[in-house]
Amino acid sequence: MRPKYFFNDKYELVSYLMNQFRNATPLKIQKAMYFLWAFYAATYGNIDYSNESEFDEIDQYPKELFEAHFEAWRYGPVLDDVYSKYKDDDECIHQKVEPQHEGMKGDVWSFINDLVKQIDKVNDFGLVSRSHQDRAWRNVYKEGYLHTPMDNEAIKEDYINYVNEQSKL
């Protein structure tokens, strides 16, 4: 059976990001988690293994990078559990995480590192501006409301479309 998550504990990824960014603000961490999840879902998570018998279950990429329940907040998508944990106990997310470099795991870590480098070059509000372009956020955000759930399938569809458009360039 295809695994559901690459990270069973999303705080491993948060910790990794905290150690990778030059300026790891809470906003940058939130947007990175969103973009990483979305791009992963649209690429590795979107591989259809139903007709490809040469892939053993062990060789299949998990469907999602981590368990995500994004909410539409004023400054874009937010994982409220990560926000709360960072706000209340940031020590728990400063552990050192070492990427694994073999096989499928190495591919995913390369993907993460490539995207992290790109995200690190953009300031916080550039990331906010980019996230506000997504229909999955725009369709549910309401001024003054915090905990408005976003639909993961809508996020995935936004990024499948984005990836397809980029491949045509």
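**Helix packing in the predicted model**

The expected span used here is 1.5 Å times one less than the number of residues in the helix. Helices (H or I, at least four residues) and strands (E, at least two) are DSSP runs, numbered from the N terminus. The model is a predicted one, in which local features need pLDDT of at least 70 and side-chain atom pairs count only at pLDDT 80 or more, while totals for chains, interfaces and linings use all residues. Residues are numbered from 1 along each chain as its sequence is written, and side-chain values use heavy atoms, with hydrogens and water left out.

Helix α2 is mostly covered, with 16 of its 17 residues buried. Here, buried means under 20% relative accessible area, exposed means over 50%, and partly exposed lies in between (1.4 Å probe, protein chains only).

The axes of α1 and α2 come within 10 Å and cross at roughly 120°, which makes α1 oblique to α2. Axes are lines fitted to C-alpha atoms, for helices over the stretch in contact, and angles run from 0 to 180 degrees between N-to-C directions. Angles under 35 degrees count as roughly parallel, over 145 as roughly antiparallel, 65 to 115 as roughly perpendicular, and the rest as oblique. The crossing of α1 and α2 is right-handed; a crossing has this hand if the near helix is turned clockwise from the far one by less than a right angle, and is left-handed if anticlockwise. On the α1 side, Lys-10, Leu-13, Val-14, Leu-17 and Met-18 meet Ile-29, Ala-32, Met-33 and Leu-36 of α2, where contact means heavy atoms within 4.5 Å. By class, this contact of α1 with α2 has eight nonpolar residues, no polar ones and one charged residue. Ala, Val, Leu, Ile, Met, Phe, Trp, Tyr, Cys and Pro count as nonpolar, Asp, Glu, Lys and Arg as charged, and the others, Gly among them, as polar.

Lys-10 is buried, with a relative accessible area of 10%. Leaving aside residues up to four places away in sequence, Lys-10 touches Met-33, Phe-66, Glu-67, Leu-79, Asp-81 and Val-82.

Helix α1 also meets α4. Their axes come within 11 Å and cross at roughly 50°, so α1 and α4 are oblique to each other. In this contact, Leu-13, Tyr-16, Leu-17 and Gln-20 of α1 meet Trp-109, Ile-112, Asn-113, Val-116 and Asp-120 of α4. By class, the contact of α1 with α4 has six nonpolar, two polar and one charged residues.

Helix α4 covers residues 103–120, and its 18 residues should span 26 Å, which agrees with end C-alpha atoms 26 Å apart. Among its buried residues are Trp-109, Phe-111, Ile-112 and Asn-113. The elements covering the buried residues of α4 include β1 (5–7), α1 (10–20), α2 (26–42), β2 (64–66) and α5 (124–131).

Finally, helix α7 brings another set of neighbours. Its buried residues are Asn-152, Ile-155, Lys-156, Asp-158, Tyr-159 and Ile-160, and they pack against α2, β3 (70–73), α5 and α6 (135–138). Tyr-162, also found in α7, counts as partly exposed at 29% relative accessibility. Apart from residues up to four places away in sequence, Tyr-162 touches Phe-39 and Arg-130.
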